[in-house]
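I opened this notebook to keep a record of what I looked up, entry by entry.

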Amino acid sequence: MTRCELLAPAGNLNKLKLAFYYGADAVYVGGKSFSLRTFADNFTDEELAEGIAFAHARGKKVYVAVNIFARNADFAQLPGYFRTLERIGADAVLVSDLGVFRACREAAPSLPIHISTQANTTNSQSAAMWKELGASRVVLARELSLEEIANIHEENPDLELEAFVHGAMCISYSGRCLLSDYLDGRSSNRGACVQACRYRYEIRTQECKNDGWTEVQEDEKGTYFLNSKDLNMSAHLSELETAGVCSFKIEGRMKSEYYLATVVNAYRRILDGGELQVLQEELSCAAHRDYTTAYMLGKNDKTVSYDNSQTKGTCEFIAVVRGYDGSGNGSEDGTGRCGRVYAEMRTRFYEGDVLEILSPSDAFGKEIVVTHMKDSAGAPCTDAKRVQEIVSFDCPYALHEGDILRRRR
């Protein structure tokens, strides 16, 4: 369908490797400082070096977020950090602050710079200015339409444009939010967002003739009036490419391994020409809020999810595959010897359960029945109830480490 870059989030080293396994062309990550996801595990300098080496050995890329709105005190350490990223081969840094941009250019002149969506680039002139300053790519504001993106590309044909295509959005402008700071003292603009916009709220008013508080009656829309729907542009990737976007970005450095694998796998298969309707249904297998195309198709006043914080998704994350023995040590299945899968339990399951395979391989979507299960000591068992215990059971499909087993709800 397209060879645009598929760019995935990676909150830690394991997720980086998982994203590449499921088909991402590049990942964006954060170090222990200066990134807008303080609550993600994030990367030490040593982990960054390992992740970058892992990526480059596979022809992949790693972009490092340094996109806080910096204060004066931050500039003592920033130059050294940029020199480290340059030395270990980061493919680019994401910045949103002009002062941080300047510090990067001076400290690490060969390090490519991408402009974060936090910089709120919504017009051709801003894009041109970033290009003149030395940026190689701009991550566009999520408030733009396809028409506006096309205009920016037409006037800046030599500037790479990146756009979010999937994931959570903020009730704010390009992620610039004060709600978390106001309610909890944790600044979203310095990486400490508590996602206060996802909370369930009660609005109360004090009546003139009553010293107490009375609850305002809710209507059918409930109380999640700050809770944005999740972006889903899976049906419009070709239009984005035509408009000039070269990198499709998935949100979610704090999301689970299962979420990451599900979404990256679906978008990879869409980009490779898979059946769109089936893969759009796949995007509902992980927890998400109601989906929206936001403002890409024009003005939209239906971007808030009033009903609930999020849905659970149509599947449960059951286990991660840690190994497979295809030498014929499984039980007879009527067509030959069956292999055995070794899976790390994440949600309790039982002998006889029907599990579905999530994989970048041809085993994707196939079902297996849990039979002849054994615990980590090799003893027969019927109940996998110990979290992260590695159990084994018969499996006729050759699976690989990193494949995931799930159960339909």
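This is a predicted model: local features need pLDDT of at least 70, side-chain atom pairs count only at pLDDT 80 or more; totals for chains, interfaces and linings use all residues.

**Entry 1**

Glu389 sits in the loop between E18 and E19, where helices (H or I, at least four residues) and strands (E, at least two) are DSSP runs numbered from the N terminus. Leaving out residues up to four places away in sequence, I listed Ala343, Glu344, Met345, Asp375 and Ser376 as what Glu389 touches, contact meaning heavy atoms within 4.5 Å.

**Entry 2: the open sheet**

Which order do the 6 strands of the open sheet follow? I read it as E17-E16-E20-E13-E14-E19, with antiparallel pairing; two strands pair if DSSP finds at least two bridges between them. Strand E17 (367–369) and strand E19 (390–395) stand at the edges with a single partner strand each, so one side of each has no neighbour in the sheet. From one strand to the next the twist averages 40 degrees, and for such angles axes are lines fitted to C-alpha atoms, for helices over the stretch in contact, with values from 0 to 180 degrees between N-to-C directions.

I then went through the pairs. E14 and E19 are joined in the antiparallel sense over 6 bridges, and Gly339 stands opposite Cys395 in E19. E13 and E20 pair over 5 bridges, also antiparallel, with Arg408 in E20 as the bridge partner of Cys315. E16 and E20 pair antiparallel over 3 bridges, and there Ile357 faces Leu405 in E20. E20 is largely enclosed by the rest of the structure, because 4 of its 5 residues are buried. H9 lies across strand E13 (315–325), E16 and E20, and runs at about 90 degrees to E20.

**Entry 3: the nonpolar cores**

Which residues touch the most other members of the largest nonpolar core? Among its 95 residues they are Leu16, Val64, Val66, Phe82, Leu85, Val93 and Leu240; such a core is a set of buried Ala, Val, Leu, Ile, Met, Phe, Trp, Tyr and Cys residues joined through side-chain atoms within 4.5 Å. Helix H9 (residues 257–271) gives the most to this core, with 10 residues. Apart from this core lies another of 20 residues, including Ala319, Ala343, Leu355 and Leu405.

I followed Val66 as an example: beyond its neighbours within four places in sequence, Val66 is in contact with Phe34, Leu78, Tyr81, Phe82, Leu85, Val93, Leu94, Val95 and Val100.

**Entry 4: salt bridges**

The structure holds 22 salt bridges, each being a side-chain nitrogen of Lys or Arg within 4 Å of a carboxyl oxygen of Asp or Glu. In one of them Arg137 pairs with Glu160, with the closest N and O atoms 2.9 Å apart. This pair links distant parts of the chain, since Arg137 is in strand E6 (residues 137–139) and Glu160 in strand E7 (residues 160–167), 23 residues apart. Arg137 is buried at 4% relative accessibility, whereas Glu160 is partly exposed at 34%.

The side chains of Glu356 and Arg408 form another salt bridge (3.0 Å, N to O). Glu356 belongs to strand E16 (residues 354–358) and Arg408 to strand E20 (residues 404–408), 52 residues apart. I noted Glu356 as buried at 8% and Arg408 as partly exposed at 43%. Salt bridges that share partners also join Glu5, Arg137, Glu160, Glu162 and Lys249 into one network.

**Entry 5: cysteines**

How many disulfides are there? The count comes to 0, a disulfide being a pair of cysteine sulfur atoms within 2.5 Å. For Cys4, the nearest cysteine sulfur is that of Cys246, 6.7 Å away. Cys4 is buried at 6% relative accessible area, and Cys193 is partly exposed at 21%.

Definitions and conventions:
Residues are numbered from 1 along each chain as its sequence is written. Side-chain values use heavy atoms; hydrogens and water are left out. Buried means under 20% relative accessible area, exposed over 50%, partly exposed in between (1.4 Å probe, protein chains only).
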